[in-house]
Amino acid sequence: MTPNRPDLSSNVLRGATVSVEYHNSQSILRSEQKNPQVVYEIYADEPGVLCGVNEVISLLHSRLPGEFSSVFALSDGDQVSTGETVMSVEAPYSAFGLYRDVAVGILASCTGWANAADRCVRAADGVRVVIAASSHIHPEVVGSLEHSAYVAGCAAVSTQIGGELTSTVPLGSMSPEYVLIWGSASRAIMLYDRNTRIGSPRVLPVPTTADPVQEALDAAYALSSPQGNRLRAVRLNIPPNLGGGSPAYAVELKSRLSDAGFDTVEIQISGNLTPELIAEYVAADAPVSLFVVGSYVASSPAARFSSGIKEIDGKAVAVRGMTPGRVPNPRLAAIDMVI
């Protein structure tokens, strides 16, 4: 899978998101007509799932002169080890110096999200995990977050921009507000079914206006026909003030649906899930077909990276505390900088 590269905002491209110290340095270097050829490298400070490389490459394509530049990098989704070189950029300093923090910041955020999603996927132990974090993070980075989670193993994303970046179809249920507007789960699901294309999954969020079991049964009866039941799943999210969700409740809900003849209706779980909570459902062998994660991934800390100039005009250099010269990594692949 080769995801699309996201479009960076004009604020990023004009350097408005970086420290003014880099603008000051670039201004003086231009005035003094100083523009050395440099090698800049980025290293992982901790192990995990690397992500954000495609976004950085998008930035480099827009800024580096292809004739005098070369880029070597690992790929999104690669497992990295502590201290490993993840990217090496050789280019005139004036073309890249303003964006070094942009590159590291992208990798830090995306890799942090990817590692959080990876922990959820591992805890799910083969059960599908969907990322739905748009209500937990700034809208400008929702696409990057969902792409990162998808790279880390999530089965699907939930937004249009996430679908565009991963070349997949977003997955979701009806919104609880939609059910509230129609007043009942059965009426809401019938109208949804009538106006939604064949093949699109019918998924009911519960609870909204009544007991979760009763809402699930009402919806299942509403979509029953001699040809089968068109209700794909119910998405269970019991708020804490109503007792919260539990593996036992998922078992009960599935049992009551099966007893009524609706054993094909799946149970999905959402609501501030963490790897620990997901693991409880798995350990209890709860009949869950899908976990929906959001806040845990969105609030995960950024991953840590180190970076610096390692060569200037062919001479090995480094700031104090770093070893001068490149740190070779045979896993790095050459990136085609010709658009």
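Which residues does Glu41 touch, not counting residues up to four places away in sequence? In this predicted model, Glu41 touches Thr85, Met87, Ser88, Ser306, Ser307, Gly308, Lys310, Gly325, Arg326 and Val327, where contact means heavy atoms within 4.5 Å. Residues are numbered from 1 along each chain as its sequence is written, and side-chain values use heavy atoms, with hydrogens and water left out. Because the model is predicted, local features need pLDDT of at least 70 and side-chain atom pairs count only at pLDDT 80 or more, whereas totals for chains, interfaces and linings use all residues.

The C-alpha trace spans about 80 × 40 × 35 Å along its principal axes. Of the 339 residues, 47% are buried; buried means under 20% relative accessible area, exposed over 50%, and partly exposed in between, with a 1.4 Å probe and protein chains only. Among contacts with a separation of 6 or more, 72% are between residues 24 or more positions apart.

Glu41 is located in strand 1 (residues 37-44). Glu41 is buried yet has no salt bridge, a term that requires a side-chain nitrogen of Lys or Arg within 4 Å of a carboxyl oxygen of Asp or Glu. The nearest side chain of opposite charge belongs to Lys310, 4.6 Å away; in assigning charge, Lys and Arg count as positive and Asp and Glu as negative, while His and the chain ends are not counted. The side chain of Glu41 also reaches the backbone nitrogen of Val327 at 2.9 Å.

Strand 1 as a whole is mostly covered, with 7 of its 8 residues buried. It runs antiparallel to strand 5 (residues 85-92), to which 7 bridges join it; two strands pair if DSSP finds at least two bridges between them. Tyr40 has Val89 as its bridge partner in strand 5. Strand 1 is likewise joined by 7 bridges to strand 13 (residues 305-312), again in antiparallel orientation, and Val39 stands opposite Glu311 in strand 13.

The structure holds 5 aromatic pairs, defined by rings of Phe, Tyr and Trp (its six-membered ring) whose centres lie within 6.5 Å; planes under 30 degrees apart count as stacked, over 60 as edge-to-face and the rest as tilted. Tyr40 and Phe96 form a tilted pair, 5.0 Å centre to centre with 55° between the planes. Tyr40 lies in strand 1 and Phe96 in helix 4 (residues 93-96), so this pair ties together parts that are 56 residues apart in sequence. Tyr40 is buried at 2% relative accessibility, and Phe96 is buried with a relative accessible area of 5%. Tyr178 and Tyr192 form an edge-to-face pair, 6.0 Å centre to centre with 70° between the planes. Tyr178 lies in helix 8 (residues 176-182) and Tyr192 in helix 9 (residues 185-195), so the parts tied together here are 14 residues apart in sequence. Tyr178 is partly exposed, at 22% relative accessibility. Tyr178, Trp182 and Tyr192 form one aromatic cluster.

Phe96 is also among the contacts of Leu60, a residue of helix 3 (residues 53-63). Leaving aside neighbours within four places in sequence, Leu60 is in contact with Val71, Met87, Val89, Phe96 and Met337. Leu60 is buried, with a relative accessible area of 1%. The C-alpha atoms of Leu60 and Tyr99 are separated by 8.9 Å, the two residues being 39 residues apart along the chain.

Note on methods
Helix = DSSP H or I, 4+ residues; strand = E, 2+ residues; numbered from the N terminus. Polar contact = N/O pair within 3.5 Å; in protein donor to acceptor, adjacent residues only side chain to side chain.
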